[in-house]
Amino acid sequence: MAHRHSRPKFESWGRYPSLSATVVPLHWPSDFPLPPAKEASPLEDQRSKTATSAPPRMLPVGMGRSYGDVCLIADGTLLNTRGLDRFQSFDEESGILRCEAGVTLDEILRFCIPRGWFLPVTPGTRYVTVGGAIANDVHGKNHQVAGTFGRYVRSLELARSDGSRFVCSRDRNMEWFRATVAGMGLTGLIVSAEIQLRAIVSPLVKSEVSQFHGIDQFLELSLARQSSEYSIGWMDSTATGRKFARGVFMTAAHSQEPAKLTTHKSRSCSVPFDLPGLALNRASVGAFNALYFHSHRTRQKPRLLNYDSFFYPMDRIRHWNRLYGKRGFVQFHCVLPRVADQLAPLQLLKAISAARLTSFLAVIKDFGDAISPGMMSFPMPGISLALDFPIRGEETFDLMDRLARITAEHGGRVYPAKDTRMTPTQFQNFYPQWQQFAPYVDPAFSSNFWERVTARG
Ligand SMILES: Cc1cc2nc3c(=O)[nH]c(=O)nc-3n(C[C@H](O)[C@H](O)[C@H](O)COP(=O)(O)OP(=O)(O)OC[C@H]3O[C@@H](n4cnc5c(N)ncnc54)[C@H](O)[C@@H]3O)c2cc1C
């Protein structure tokens with residue numbers, strides 16, 4: 001049975017926007033659909049005639065690791081899925097795992113690594129649920145060879161607010177499968193899923209690093225190391241002049257030398273409170289970036305790293321989002337088609353430099369052309385850029401808008417999982433297939449993101 005409804009604060013990772021909703025924890029698949037709201041007294045009924053006639057608005061949520069409002073619904077009901085945390089079956093021979101949707105990638109790693117299996121695709125944090133990974137069809141450092149998480153979902157069970165419940169896969173209810181992968185939680189509640197894991201013989205990865213100077217050099221390195229299983233670039237967004245767009249390119253592959261299959265340790269430290277908003281200023285970030293850049297001199301020999309250090313460096317610090325201060329932060333994450341002159345990423349970086357807003361974390365990645373199964377999946381072949389900005393007021397939002405316009409002019413698109421600002425016109429141009437997707441949206445489900453990007457006039 002679902003517990004009593006409460007109104008604790010549920011925040012997305014960027015802690016913006018701050019909205020209040022009723023949170024209903026789900027513990028069993030049968031907790032959904034929710035029981036009808038209890039009868040109102042005649043007096044209450046009179047007062048809330050208009051309110052009761054409004055259709056219910058609800059949204060499933062996982063760990064709230066999306067940055068913006070794709071996991072928020074103002075004055076609606078959030079279905080907290082973390083209680084749906086059971087492993088249902090695992091085939092040690094084939095690596096096929098079936099679990100409920102509230103199981104986190106952290107829990108899967110702890111379970112599967114000792115058995116010689118690893119996640120097929122993982123985002124930069126292991127604190128996301130299976131439901132959240134499917135609903136945003138997340139990608140990882142192996143996108144160029146593996147594509148998105150949804151490609152490894154063999155099937156999923158979907159529950160709708162009308163009480164219907166069915167399994168979808170590439171060959172059963174295929175259109176529902178395509179709509180639910182990257183469906184942003186709007187097509188119904190994902191109750192459970194079956195996922196294909198990938199085999200490993202060691203918890204270590206062999207990693208190489210190289211410095212790069214400019215986007216062209218980043219792309220040359222990306223091309224030369226295309227067959228590396230994992231690759232990612234970090235960029236110094238504060239560098240100007242001759243140092244402009246310098247960064248560090250990292251590649252890795254699972255070690256083929258058999259080793260004891262141990263899992264990661266628990267987190268070591270935490271940011272206990274909100275830092276003053278100005279702690280991450282241009283000078284402090286610039287100094288940190290220079291240090292980081294120079295500490296990663298191009299190495300001839302690969303290094304062996306534990307998987308946790310390579311995939312999840314940020315997870316070591318609990319609540320690192322508090323570093324940005326009380327007002328929170330936004331992330332701009334786009335993908336731009338690959339073209340010869342690389343004008344688009346340069347224009348984005350120049351706009352950021354001109355705004356003199358500092359991005360602490362700037363990540364660049366070359367996406368591959370594996371087709372995602374999700375109708376609304378974000379990745380496409382091209383260069384993906386993700387940059388965090390502390391919220392300083394209108395100047396931050398103006399910059400977000402400028403970056404989205406540049407992305408649109410160059411035929412790119414912005415990632416809903418990170419967004420707070422996309423306009424209806426931009427969304428509908430980035431994702432023209434949205435009209436094909438809309439009929440699959442559960443009539444009782446919505447999100448602030450969805451209401452914003454489909455608002456009329
Ligand atoms: C440090 C960090 C690094 C990240 N790196 C990456 C990256 O490399 N690549 C990438 O793609 N993303 C990345 N992300 C974003 C993150 O992976 C996604 O936002 C992910 O979807 C969050 O999962 P969650 O469980 O927190 O879901 P939430 O954020 O709570 O929800 C995300 C969406 O999933 C829906 N949803 C959740 N559970 C269900 C369910 N059971 N049924 C139906 N819908 C559901 C919600 O309605 C919402 O639309 C990163 C985030 C952080 C904080």
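This is a predicted model: local features need pLDDT of at least 70, side-chain atom pairs count only at pLDDT 80 or more; totals for chains, interfaces and linings use all residues.
Figure 1. Is S446 buried or exposed? S446 counts as buried because 21 other C-beta atoms lie within 10 Å, and the threshold for a buried residue is 20 or more. Apart from residues up to four places away in sequence, the residues that S446 touches are R57, L59, I73, G76 and E451. One of these, R57, is 389 residues away along the chain, yet the C-alpha atoms of S446 and R57 are separated by 5.7 Å.

**Figure 2. Domain 1 beside domain 2.** The protein chain is divided into domain 1 (22–79), domain 2 (83–200 + 433–453) and domain 3 (204–423). Between the C-alpha centres of domain 1 and domain 2 the distance is 22 Å. How many residues of domain 1 are in contact with domain 2? On the side of domain 1 there are 24 such residues, and they meet 25 residues of domain 2. Strand β2 (residues 58–61) supplies three residues, the largest share of the side of domain 1 that touches domain 2. By type, the residues on this side of domain 1 comprise 16 nonpolar, five polar and three charged.

**Figure 3. The sheet of three strands.** The strands of this open sheet follow the order β1-β3-β2, and their pairing is parallel. At the edges stand β1 (22–25) and β2, each of which pairs on one side only. From one strand to the next, the twist averages 25°. Four bridges connect β1 with strand β3 (residues 77–80) in the parallel sense. Within this pair, V23 has L78 of β3 as its bridge partner.

**Figure 4. The sheet of five strands.** This view presents an open sheet with the order β4-β5-β9-β7-β8 and antiparallel pairing. Which strands form the edges? The edge strands are β4 (87–91) and β8 (165–169), and each pairs on one side only. Neighbouring strands are turned against each other by 10° on average, if direction is ignored. Strand β7 (residues 153–159) is joined to β8 by five bridges in the antiparallel sense. In this pairing, E157 stands opposite V167 in β8.

**Figure 5. The largest nonpolar core and residue I190.** The largest nonpolar core contains 116 residues, among which I134, I190 and A193 touch the most other members. Strand β17 (residues 329–336) gives the most to this core, contributing six residues. When neighbours within four places in sequence are set aside, I190 is in contact with A101, G131, I134, A135, L156, L158 and T180.

Figure 6. Eight of the eight residues of β17 are buried. In a regular strand the side chains alternate between the two faces of the sheet. On one side of β17 are F329, Q331, H333 and V335, on the other are V330, F332, C334 and L336, and all of these residues are buried. Strand β19 (residues 382–390) runs antiparallel to β17 and is joined to β17 by eight bridges. Opposite H333 stands A386 in β19. Strand β20 (residues 413–414) also runs antiparallel to β17, with two bridges between them. Here C334 stands opposite V414 in β20.

Note on methods. Residues are numbered from 1 along each chain as its sequence is written. A nonpolar core is a set of buried Ala, Val, Leu, Ile, Met, Phe, Trp, Tyr and Cys residues joined through C-beta atoms within 7 Å. A residue is buried if 20 or more other C-beta atoms lie within 10 Å of its own, exposed if 12 or fewer, and partly exposed in between; C-beta atoms are placed from the backbone. Two residues are in contact if their C-beta atoms, placed from the backbone, lie within 7 Å. Two strands pair if DSSP finds at least two bridges between them. Domain bounds come from an automatic or database domain assignment. Ala, Val, Leu, Ile, Met, Phe, Trp, Tyr, Cys and Pro count as nonpolar, Asp, Glu, Lys and Arg as charged, and the others, Gly among them, as polar. Axes are lines fitted to C-alpha atoms, for helices over the stretch in contact, and angles run from 0 to 180 degrees between N-to-C directions.
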